[in-house]
Amino acid sequence: MGRVVVGVAGGIAAYKACELVRRFRADGHEVRVVPTRAALKFVGLTTWEALSGNPVSTEVWDDTDQVAHVRIGQQADLVVIAPATADLMARAASGRADDLLTNVLLTAHCPVVMAPAMHTEMWEHPATRANVTTLRERGVLVINPASGRLTGADSGPGRLPEAVEIHDIASTILADPAIAGAATEQDLRGLQVVVSAGGTREHLDPVRYLGNASSGLMGIALARAAALRGAEVTLVAGHIEHPVPSGIDVRTVVSTGDLAETMTELTPSADVVIMAAAPADYTPKEFSSGKIKKSGDDSLSVDFVQTTDVLATLVQQRADRGDQGQVLVGFAAETAGSKEVLIDLGTAKLRRKGCDLLVCNDVSSGQVFGAPDNAITVLDADGIVAEHAGAKSVVAHVILDAARSLRQRR
Ligand code: CTP
């Protein structure tokens, strides 16, 4: 487990950092909270000490025997500042050391994540823009704020993303610090990425449907990861059981037919298309507009017909457009039982579908659907291009790395 410093600047969103601290502690991390003086006007010192289980100070004059103003930054595995105000970012950009938090920033060797929160005018002011650019050039991962209702009646970009989102980004970076580099570089900027996620539902009547166990977590992780790295992302969501991160366009679909229609509409302009959805392969031959009633006998027979193979259709449409650049990624959830069988099944599926990359996972254990972790093998026509086992949020970056590298070679 890591050492996480949570810096809190003086903004109304400081209360959201309480939840962030709680989440880091629940993960087992050692947490130090370093608020600014202004932050204590919003949430008191006692709260931070109780939540973090560590002493809290805003000044360099406390714990001087421990040289706290140097040690806290030096020993950290990650510094997360939430909220990062315009003033904090200005002080950090100009290298000030006028309180404990700015001292921590000057002594930290680890990745630094800032989650800004302020009024839209302050976020868009040239002074703040320049400070954000400076911080990003120095390797600080400054997350874009969410849009929505701000303090008072106004709304716009400037909201602190929810603690769950900041925690997800921070945890991903703790698991693989290289991801902070890709995110800071914005290495997917300029790319349009379309990701499908979740299971489809094929209705028999207005209340009953044929569905599947997909929770959408893998697709959501891919969408979040691509947006973090600067891509313009659209998530095409079937039935999903998790909230969609801010800053991502969402199109909702119900059936495989809807999914085919929406993907066909969106993909011609996309650079990378990832089919992480679990579309139903069969749909009832007939839809009953009234609720199907129990009949006298104790059985019910329903005829099913095959749905459109969306991925294969997208491959065909790309060929028809003569598009040489687009990267199409499919998934294969197989009950393989062994890696050799998984690769054999995956290789055959890759050929059958005609996509560029196929992300294979073994679902024999039944642990994949809805689980936070996944073990994947990414195949292209020549064999294995990447393998990873771990959190889906990290796995998502491995898949994007493979797609990016293929896109660059085209
Ligand atoms: N897929 C699709 N349209 C379908 C079914 C699947 O586009 N009607 C996509 C999935 O999103 C995934 C890939 O095809 O990216 C492989 O899905 P999978 O269910 O493993 O393959 P199937 O084609 O359904 O083959 P089978 O179930 O027979 O293994």
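## Ligand contacts, pocket and selected residues

A polar backbone atom of Thr308 lies 2.9 Å from a nitrogen atom of the ligand. This is a predicted model, in which local features need pLDDT of at least 70, side-chain atom pairs count only at pLDDT 80 or more, and totals for chains, interfaces and linings use all residues. Residues are numbered from 1 along each chain as its sequence is written, and side-chain values use heavy atoms, with hydrogens and water left out.

| Residue | Atom of the residue | Ligand atom | Distance |
|---|---|---|---|
| Met275 | backbone N or O | oxygen | 2.8 Å |
| Asp281 | side-chain N or O | oxygen | 2.9 Å |
| Thr308 | polar backbone atom | nitrogen | 2.9 Å |

The ligand is surrounded by 17 residues, the closest being Met275, Leu311, Phe331, Lys349 and Lys353; a residue is counted here if one of its heavy atoms lies within 4 Å of the molecule.

The largest pocket has a volume of about 910 Å³. A pocket is found on a 1 Å grid over the protein atoms alone, as an open set of points where a 1.4 Å probe fits, with protein on both sides within 12 Å along at least five of seven lines; lining residues have an atom within 4 Å of a point. The volume is the space filled by probe spheres set on the points. The lining consists of 38 residues, and Ala277, Ala278, Pro279, Phe331 and Ala333 lie nearest the pocket centre. By class, 19 of the lining residues are nonpolar, 13 polar and six charged, with Gly counted as polar. Strand S16 gives the most to this lining, four residues. At least two residues each come from helix H10 (217–228), helix H12 (310–321), S16 (327–334), helix H13 (339–353) and strand S17 (357–362). Helices (H or I, at least four residues) and strands (E, at least two) are DSSP runs.

Ser196 belongs to strand S8 (residues 192–197). Ser196 counts as buried because its relative accessibility is 0%, the limit being under 20% with a 1.4 Å probe and protein chains only. Beyond its neighbours within four places in sequence, Ser196 has contacts (heavy atoms within 4.5 Å) with residues including Gly219, Met275 and Ala277.

Two backbone features remain. Gln186, in the loop between helix H9 (178–185) and S8, has a positive phi of about 55 degrees although it is not a glycine. The peptide bond from Ala82 to Pro83 is cis, with omega near -5 degrees, and Pro83 lies in strand S3 (residues 78–84).

Conventions: Buried means under 20% relative accessible area, exposed over 50%, partly exposed in between (1.4 Å probe, protein chains only). A polar contact is a pair of N or O atoms within 3.5 Å; within protein, one must be able to donate a hydrogen and the other to accept it, and residues adjacent in sequence count only if both atoms are side-chain atoms.
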